[in-house]
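Thanks for coming, everyone. Please look at the screen while I talk.

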Amino acid sequence: MTGTAAPFAADDYRARMERAARSAAEAGLAGLLVAPGPDLVWLTGYAPTAVTERLTLLVLAPGRGPVLVVPTLEAPDAAKAAGARALTLRDWTDGKDPYAATAALLGADGRFGISDNAWAMHLLGLQKALPGTSYASLTEALPMLRAVKDTAELELLAAAGAAADATFEEIRKVSFGGRRESEVAADLADLLRRFGHSQVDFTIVASGPNGANPHHEVGDRVIERGDMIVLDFGGLKDGYGSDTSRTVHVGEPTDEERRVHDLVRAAQEAGVRAVRPGVPCQEVDRAARAVIADAGYGEYFIHRTGHGIGVTTHEPPYMIEGEEQPLVPGMCFSVEPGVYLPGRFGVRIEDIVTVTEDGGRRLNDTTREMVIVN
């Protein structure tokens, strides 16, 4: 993971590690093993400049303070992390066995949660050193670990959303017709950076028939008059994510294009209105999907309604059928229904929404009406 970690203090990271350890115990785990990636950044503020074959692992186990196992040559950088004062550094040198050093911090048996992105060689090394242990991915064992944001995190997510909104307000002023998708995508990336993003994760510009592919890879198609264009863009600002989608049109749309756009706008509004504490995540998906299905376009809504966002742009919780996790104040996620007509056009409208004490609040405020561009 790249990008700048949010400006939290050691006490913030200490509280997060303590909460993670408690959550692990409540889930019946003997501890947590956290490799470089978004979980490590969130728990410690440490993001190695390069992730290599050398083992780096945060160990959180009941009855023991947090320990970060790091290669000796990377220990000075780890010691500078914002959360370093809340943990103990345990370094190991080349030629020594990092798995033996880590095993000494763990019990001989027990089930541990481990980062989804941990390298297979490291997991296998731990299993060899501790054959009595077993492991579960953090997404499986503690899917809600980062899902509920505190006040400072919500402010950072709101700022990232405002920067994405400013990007949309500027991009709608540029010329679209006669330009390649890749050129408009480059404009989006430049604007995100201008408005404070340190990392741009995606800039989808899906024009005309390309709009029927929700994750269209930007190409060299020349945008034409009469095209509907799905714009989906986001990244990290001060360590927290943005993600928004709007659908614009080059010149006047047809009656059908307006009808489909209005339908998606109504579905998105229904999804947002369904957000309130205690409601299962799947109800947000059901609310948005019902609007589209009732209008006869159900087969053309081909993805979930939303995903969580925080120190990454995609994370739990997910707004999808079958997800019964209740919404909790502080959760943040996208609400982004769409309709995709193969070979013709697509429409998607997306806002980030946070759960409040009595409902939901959008973190994106640009118009959801049809926007006409040149």
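Lys-237 is buried here, at 15% relative accessibility. Buried means under 20% relative accessible area, exposed over 50%, and partly exposed in between, with a 1.4 Å probe and protein chains only. Lys-237 makes a salt bridge with Asp-238, with 3.3 Å between the closest N and O atoms. By salt bridge I mean a side-chain nitrogen of Lys or Arg within 4 Å of a carboxyl oxygen of Asp or Glu. Asp-238 is partly exposed, at 33%.

A word on the source. This is a predicted model, where local features need pLDDT of at least 70, side-chain atom pairs count only at pLDDT 80 or more, and totals for chains, interfaces and linings use all residues. Residues are numbered from 1 along each chain as its sequence is written, and side-chain values use heavy atoms, leaving out hydrogens and water.

The pLDDT, the predictor's confidence in each residue from 0 to 100, averages 95 for the protein. Over residues 1-5 it is below 50. Where pLDDT is low, the predicted coordinates should not be read in detail.

Back to the charges. How many salt bridges does the structure hold? There are 26. Glu-170 and Lys-173 form one of them, at 3.1 Å, N to O. Glu-170 is partly exposed, at 26%. Lys-173 is exposed, at 61%.

Now Arg-348 and Glu-336. Their salt bridge has its closest N and O atoms 3.8 Å apart. Arg-348 is buried, at 2%, and Glu-336 is buried too, at 9%.

Last, a network. Salt bridges link Arg-246, Glu-269, Arg-273, Asp-351, Arg-362 and Arg-368.

Note on methods:
Contact = heavy atoms within 4.5 Å.
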